[in-house]
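Subject: The structure for you to look at

Dear colleague,

Here is the structure that I promised to pass on to you. Please open it first and keep it beside you while you read the notes below.

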2 protein chains.
Amino acid sequence: MPSENDDPRVDILEATYRALCQEGYAELTLEDISAEFGRSKGTIFYYFDSKADLFTSFLEFLYKQYADRLDEVSGGPPRDRLDSLLEVALANDEPAAGQEFRTAMLEVSAQAPYDESIQSELERFDDLLFEHFREIIADGIQSGDFDERVDPGLAAEFLVTTISGAQTRRVSVDRSTGRLVETITRYAELLLLDRRPGELSQ
Amino acid sequence: MPSENDDPRVDILEATYRALCQEGYAELTLEDISAEFGRSKGTIFYYFDSKADLFTSFLEFLYKQYADRLDEVSGGPPRDRLDSLLEVALANDEPAAGQEFRTAMLEVSAQAPYDESIQSELERFDDLLFEHFREIIADGIQSGDFDERVDPGLAAEFLVTTISGAQTRRVSVDRSTGRLVETITRYAELLLLDRRPGELSQ
C-alpha cells in the first residue's frame, strides 16, 4: 500500500493498515495509528468522528481495493476467469505483511457478532466474491463450458466457503498457500466441468 | 457440558468453557473463570500453574471431546460415514452457546501465530479431522464406492478447508448452518463418487 497521495484521509487509512498489521485488532489504539500517521490524534479526529468511524471507513477502503482486484478478472473463457478469480481471492496480496494482515482480519471477523457495522462490512466482501463466482459460473454454463446441471448460486456459495476456510487455516494452522490454491482450483474445475478429468490424483 | 463429576480440574475446565462463551477470548480473565467455578483463583492455581497452562489444558479437554465425537462415526458404508462425519464436523453441538463458542474459537485461531502452544493444539484438531476424512475416503475407494482416481489426502484437505470456512462464515457473516451442511454434503459426494449425479441443482 504505497503512500503516494495528498489526501490526509487516505494517509490515515494507510497508517491504520500498518498499525493493524503490527498490533492486531484487539491491541490497536489511536496512539498506534497516529504514530504511524506521524501526526496527532487531534488531526485524526478532524477527519474521522471516532475510532469506530475510522475503522468502518478503513473496511470500506479495503473493500474498494478488493473490488478493484476482483474487477480485473474479466474477459477470456469462463474457465480461465474462474482460475484467475480463485487466484486473486486466495492470493497473498501484501507479501511483506500478508500473514499479519490475515491474522488481524480473522480477529476482526470474530468481532462481527458484537459489532453490526463490522458485520455488515464483512458481508459486503462476502457478497461481492459470491457475486463474481456466481456470474462466472452462470456465464460458463451458458457458453457450454460448465455442466448445465450446476446451480450457480450453490456452487458460488461452496467456493466462497472454501476460500474463507483457506484464509482461516493459513492463520490458525499455518497451512501453505500454494498447495491450497492448487487443490482448490483442481476441485473447483472438477465440480463445474461437464466431465471427470482423468488426472485427479496428480 | 453438564457438570456431573467430582474432579475439580474438570469443574475448572467447564467453568473456563462458560466464561469463554460469555466473555470471548480477548476479555477472558481468571476472575471470570473463578466466578464461574465458584471458588477462588488460589484454588485454580492449585490445579494449574498459570493462565496459559489452564488454557492449553482447556484446548486438550476440548480435543478429547472432539475426538470422541469423531470416533462415534464408524461402521456402515463409506458414503454414510462421510455424511455423518460432515454432519458432526459442521454441527452445532452446543445449541445454547454455539455461536458464542464458535466466535471465541475464531478469536483463539487468530492468536495462533503469536502463541505456539495454541497453534500446536489447533493443529491437532485439524490433523484429526483430516485423518478421519482421509481414512473414510481411502476405505471408499477400496470398496469401490468412491472414484479410484481421487487422492484421499488432497480430497481430505479440501474438505477440512471447506469446513473451516463454514465455521468462519457462520461467525463473520452469520450464514445459516443448515444450508451450508446441505451444500457441502452434496458437493463432497460429487467430488468422490464415480459418476455425476443427475440432480445438482435441486
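Helices (H or I, at least four residues) and strands (E, at least two) are taken here as DSSP runs, numbered from the N terminus. By that rule, chain A has nine helices and zero strands, and His132(A) is found in α7, the helix that spans residues 116-142 of chain A.

Before going further, please note that this is a predicted model, in which local features need pLDDT of at least 70 and side-chain atom pairs count only at pLDDT 80 or more, while totals for chains, interfaces and linings use all residues. Residues are numbered from 1 along each chain as its sequence is written, chains are lettered from A and ligands numbered from 1 in the order in which they are written, and side-chain values use heavy atoms, with hydrogens and water left out.

**Inside the chains**

A residue is called buried under 20% relative accessible area, exposed over 50%, and partly exposed in between (1.4 Å probe, protein chains only). Of the 202 residues of chain A, 53% count as buried, and His132(A) is counted as buried because its relative accessibility is 16%. Contact means heavy atoms within 4.5 Å; leaving aside neighbours within four places in sequence, His132(A) is in contact with Leu70(A), Asp71(A) and Leu85(A).

In chain B, Ala15(B) sits in helix α1 (residues 8-23) and, at 0% relative accessibility, counts as buried. Not counting residues up to four places away in sequence, Ala15(B) touches Ile33(B), Glu36(B) and Phe37(B). Ala15(B) and Glu36(B) are 21 residues apart in sequence, yet their C-alpha atoms are 5.1 Å apart in space.

**Salt bridges**

Side chains of opposite charge can pair when their charged atoms come close. The rule used here asks for a side-chain nitrogen of Lys or Arg within 4 Å of a carboxyl oxygen of Asp or Glu, and the structure holds 20 such salt bridges over all chains. One of them joins Arg18(B) to Glu36(B), with the closest N and O atoms 2.8 Å apart. Arg18(B) lies in helix α1 of chain B and Glu36(B) in helix α2 (residues 30-37) of chain B, so this pair ties together parts that are 18 residues apart in sequence. Another links Glu131(A) with Arg134(A), also with a closest N to O distance of 2.8 Å; these two are three residues apart in helix α7 of chain A, which means that about one helical turn separates them.

**Where the chains meet**

How many residues of chain B are in contact with chain A? There are 51 of them, and they touch 51 residues of chain A. Across this interface the rule finds four salt bridges, including the one between Glu157(B) and Arg169(A), whose closest N and O atoms are 3.1 Å apart. The elements that give two or more residues to the side of chain B that touches chain A are α6 (98-111), α7 (116-142), α8 (152-172) and α9 (177-192) of chain B, and the largest share, 15 residues, comes from α8(B).

Finally, copies are superposed by least squares on the C-alpha atoms of residues with pLDDT of at least 70 in both. Chain B can be laid on chain A with an RMSD of 0.0 Å by a turn of 180° and a shift of 0.0 Å along the axis, which is the relation of a two-fold axis. Of the residues of chain B, Gly165(B) comes closest to that rotation axis, its C-alpha being at 1.7 Å.

With best wishes
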